[in-house]
Amino acid sequence: MSDVVTIEGLTKNYGRRTALTDCTLDIPAGHVVGLVGPNGAGKSTLLQLICGLLSPTAGHISVLGAPPQSGSPRVGFVAQDTPVYAGLTVAEHLRLGAHLNPRWDASLADGRIAELGLDPRQRAGKLSGGQRAQLALTLAIAKRPELLLLDEPVAALDPLARREFLQGLMAYAAENGTSVVMSSHLVADLERVCDYLIVLVASRVRVTGEVEELLGTHHRLSGARRDPDTIGPGRHVVAASHTDVQSTLVVRSSAPIEDPSWSVDGLDLEDLVLAYMSEAGSSGRDRVLEKR
Amino acid sequence: MIEFHLDSRSGVSPYLQLVQQVRHAMRLGLLKEGDRLPTVKDVVAKVAINPNTVLKAYRELEYEGLVQPRPGIGTFVTSTLGGDDDSRAAHEPLRQELTEWFERARKAGLDDEDVEALLLSTFRDFSEERAGRRG
């Protein structure tokens, strides 16, 4: 399957601050991709680079086989906090969308608004957070984009509005096969809906891959205390913690681990992401030490 | 028509949960030969999960010979589960014996967790031994 986004050596600085460092990754088509990482990891910067709102300091991006282009009809973008025009009514938003987008699907937009029970005469400023998010999603998908980017779309929503938003998003993705990339700092939101994961920590890509493959190749090992370097070839230690008697490791290994001196468990997605975050923390400290 | 649900804390992967719910519904007779499964869009719009998860579950069920997709119409149940009348007739005496065994375990001082652990480990050993004999 082809890639919707290819990124090579991508770096973005804001003045002296680095938001993204030397990122290289491909995003395959036909997936719902979760972009996870703590606040300030560079998720929004990466999404804005992909949709052409920012230009890179260094490196290359290709989106749907072309350089990113702001306002492209082929890419839908729902920015953080799902912004809408508070003074415009729902109907005026739809008219604006139709005016600005050559491929605007009016029946999809009107149908969704009716299905959601939104009053077209209502000003967007008076909508609830969940309704505003649904309006922003409607505007993005009525463009009929080939790639849909969402920046923390459900972070500010209550659990019911969150579920309803994801239901609408998944129904659209199922019907149209649209590639979706959505960011979140909450892994639980992404666990159900994403089948591909990008973990971004401290401006760097830590791990990418299909969720199922990641879950199948990461293991939690616990046993008597020992040096993680002795774990053997083909096994990458993602995170390690030790007490005076015990060692607990998170290990990536495509082959099953059948060493009887370890007790081996699986990880859920949240633990997996946390392991990469803690790895970033310790290697970050190492780099600081190296510089001194 | 059945409705799916997802237990995100069960540790069972989502696609397998869907597969198990279909098999379970077939065993209980909620799904019979010729019944249609919900469309992928219906499932994801209800459960808010990834469409590929549903597709994978339906492919697995098809591979097991339980369902058959008909392009443009839907996915249909093509077989029955729960065994024939003979195997169902064997359920009751087996249940009796198991209940008696539970009573003996309780008398011997085993608590719930002891019983569960013993049951699971014995079943696992038994399955492995059988698999070994076959291989």
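The model is predicted, and every value below is computed from it. Chain A contains eight helices and 13 strands, and four of its strands form an open antiparallel sheet. Gln167(A), which sits in helix α5 of chain A, has a side chain with a polar atom 2.8 Å from the backbone oxygen of Lys46(B).

**Chain A overall**

- The C-alpha trace of chain A, taken along its principal axes, spans about 65 × 40 × 35 Å.
- Of the 292 residues in chain A, 47% are buried, while the accessible surface of the chain comes to about 13,700 Å², with 50% of that area belonging to carbon and sulfur atoms.
- When the contacts in chain A with a separation of 6 or more are considered, 67% of them are accounted for by residues 24 or more positions apart.

**The four-stranded sheet of chain A**

- The strands of this open sheet follow the order β11-β12-β10-β13, and their pairing is antiparallel.
- Strands β11 (236-242) and β13 (263-265) of chain A stand at the edges, where each has a single partner strand, so one side of each is left without a neighbour in the sheet.
- From one strand to the next, the twist averages 20 degrees.
- Within the sheet, strand β10 (residues 218-224) and strand β12 (residues 246-252) of chain A pair in the antiparallel sense over seven bridges, and Ser222(A) has Thr248(A), in β12(A), as its bridge partner.

**Gln167(A) and chain B**

- Gln167(A) belongs to helix α5 of chain A, which covers residues 159-176.
- Because its relative accessibility is 19%, and buried means under 20%, Gln167(A) counts as buried.
- Leaving aside residues up to four places away in sequence, Gln167(A) touches Val44(B), Ala45(B), Lys46(B) and Ala48(B).
- For Lys46(B), the backbone oxygen lies 2.8 Å from a polar atom of the Gln167(A) side chain, a distance that falls within the 3.5 Å used for a polar contact.

**Domains of chain B**

- Chain B is divided into two parts, with domain 1 running over residues 14-77 and domain 2 over residues 85-134.
- The centres of domain 1 and domain 2 of chain B, taken over C-alpha atoms, are separated by 31 Å.
- Val44(B), Ala45(B), Lys46(B) and Ala48(B), the residues touched by Gln167(A), have numbers that fall within the bounds of domain 1 of chain B.

Definitions and conventions:
Residues are numbered from 1 along each chain as its sequence is written. Chains are lettered from A and ligands numbered from 1 in the order in which they are written. This is a predicted model: local features need pLDDT of at least 70, side-chain atom pairs count only at pLDDT 80 or more; totals for chains, interfaces and linings use all residues. Side-chain values use heavy atoms; hydrogens and water are left out. Two strands pair if DSSP finds at least two bridges between them. Helices (H or I, at least four residues) and strands (E, at least two) are DSSP runs, numbered from the N terminus. Axes are lines fitted to C-alpha atoms, for helices over the stretch in contact, and angles run from 0 to 180 degrees between N-to-C directions. Buried means under 20% relative accessible area, exposed over 50%, partly exposed in between (1.4 Å probe, protein chains only). A polar contact is a pair of N or O atoms within 3.5 Å; within protein, one must be able to donate a hydrogen and the other to accept it, and residues adjacent in sequence count only if both atoms are side-chain atoms. Contact means heavy atoms within 4.5 Å. Domain bounds come from an automatic or database domain assignment. Accessible areas come from the Shrake-Rupley method with a 1.4 Å probe; for residues, only the protein chains shown count as cover.
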